[in-house]
Amino acid sequence: MGRANEPPREPPRLPGGSFAAWSRDRLALARRGAEECGDVWQLEPGVYVAAAAGPCEAVLRRAQDFPKAPSPLFPPLKRSSGAPTPEERAYAHTARMRGLRAQAVAARIGEIAPLTARFADQLPTGQDVEILPRVRRVLAEVGMSYVFSEDAPTLLPHASQLFLAREVLVRPSRWVWPRWIPTPARRFRTRQQVAFTEALRPIVRRRRSSGRLGDDMLGQMLRPSPHYGLLPEEAVLDTLPGITVATFETPSRAAGWILLHLARHPEAAARVAAEAASLPADPAATTSAHVGGLRYTQALVSEVLRLYPPSWLLTRRAPRRTQLADYTIDAGSTVLVCPYTAHRDAREFSEPDRFRPERWLDDSGSSAKPGVFLSFGTGPHGCEGAALAMAMLTLLTAQTARRYHLSEPPGPEPSYQVTTLEGLATVGLRLRASSRG
């Protein structure tokens, strides 16, 4: 597919680039590749990196040329009835989206706000505390409540074990085992997935037999569709472990970076606190209109997500030969999409490495879109829970800043860790809270 009378063009290759080097220092290698090799470059034969905003967005939008592989973290359990059919998977996705679309999230802000306020309620003052575990516990309650409502307390312990199984699975290893080999991590994952499924099964049967399906995301999945009919029980059970963990795992990583920036930028934190004064004293009285008024807070959240996208790298595979930014990508090649470098593309963002929430506001203080934003992906496989995540993060940020000044303890810079091939988190971050009075 090269130009006529020309051989196919290969992207430039970074000297010393390899998966071994990638596993040692991924962020530094990604930045170096973007600076030295340009918009698209080759990590090793058959592995390409889309580093600039344009190619990144193109890969994510061209789902037929660069399809997203099914997640291996929580595959359907093996049963005599077999895995869900493609039609059942499509219906499950449609049903999930009914519960996760922006209008559905807006209607439940009064349920989300009290749970996000719990983080501020439980944050001790005058002592250095590790932030990420506290954030994760609270956001797990939010996510589980959003999906399962009154049944969330029953399932929350199992969701915590699913999260642990995920962390074990993505832990860096010297060996890459074929997916069919039952490694200890995969056996642990399967045990936790079975336990979660067996705890969820009686809930599904009770709701269906009583006719009280609920208005949560599970209830949306239990409603029959005029086109597909009733989603089989096993299809419901198989689709929920992954989305359950996703409702709090990725937002927790993002929240760590947001709280760190509140500590490092007290003027921005004070502006969030002033804006948050408009929120009702009773969090349960919070509405989508209140959240819509938190424009600077949303801008700050967006700016942190731009600088430190919690999913900083996305993987796609080309099923056939195709073109990307004037280069030929062979069939079977892996393309790594890097929102981290795309968000620091000076052609999209002025002063791209600078923390400046105002870039997301126009002169009147209304929302603006200064450049490509890929923290939730884009195209057909964009994040299903983007609206829920933004609501959770905006409210948690506003409620925390309204109550506290955050500061970093003296000592070395807090570490960050690329927790998986795709995840960026503030592991080990400690902050101190003091009352704003």
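Is aspartate 128 buried, exposed or partly exposed? At 25% relative accessibility, aspartate 128 counts as partly exposed (buried means under 20% relative accessible area, exposed over 50%, partly exposed in between, with a 1.4 Å probe and protein chains only).

## About the model

This is a predicted model, where local features need pLDDT of at least 70, side-chain atom pairs count only at pLDDT 80 or more, and totals for chains, interfaces and linings use all residues. Residues are numbered from 1 along each chain as its sequence is written, and side-chain values use heavy atoms, leaving out hydrogens and water.

## Salt bridges across the sequence

Searching the whole structure turns up 32 salt bridges, each a side-chain nitrogen of Lys or Arg within 4 Å of a carboxyl oxygen of Asp or Glu. One of them joins arginine 432 to aspartate 128, with the closest N and O atoms 2.8 Å apart. Because arginine 432 sits in strand β11 (residues 430-435) and aspartate 128 in strand β3 (residues 128-130), this pair ties together parts that are 304 residues apart in sequence. Helices (H or I, at least four residues) and strands (E, at least two) are DSSP runs, numbered from the N terminus. Arginine 432 is partly exposed, at 35% relative accessible area.

Next come arginine 206 and aspartate 151, whose side chains meet in a salt bridge at 2.6 Å, N to O. Arginine 206 belongs to helix α9 (residues 184-210) and aspartate 151 to the loop between α7 (131-148) and α8 (152-169), so the contact links parts 55 residues apart in sequence. Aspartate 151 is buried, with a relative accessible area of 6%, while arginine 206 is partly exposed at 39%.

## A four-stranded sheet

Let's turn to the sheet. It is open, has four strands in the order β1-β2-β7-β4, and its pairing is mixed. Two strands pair if DSSP finds at least two bridges between them. Since β1 (40-44) and β4 (314-317) stand at the edges with a single partner strand each, one side of each is left without a neighbour in the sheet. From one strand to the next, the twist averages 30°.

Strand β2 (residues 47-50) and strand β7 (residues 334-337) pair in the parallel sense over four bridges, and tyrosine 48 stands opposite valine 335 in β7. Helix α3 (residues 53-61) packs on the sheet, touching β1, β2, β4 and β7 (contact means heavy atoms within 4.5 Å). The direction of α3 makes about 120° with that of β7; axes are lines fitted to C-alpha atoms, for helices over the stretch in contact, and angles run from 0 to 180 degrees between N-to-C directions.
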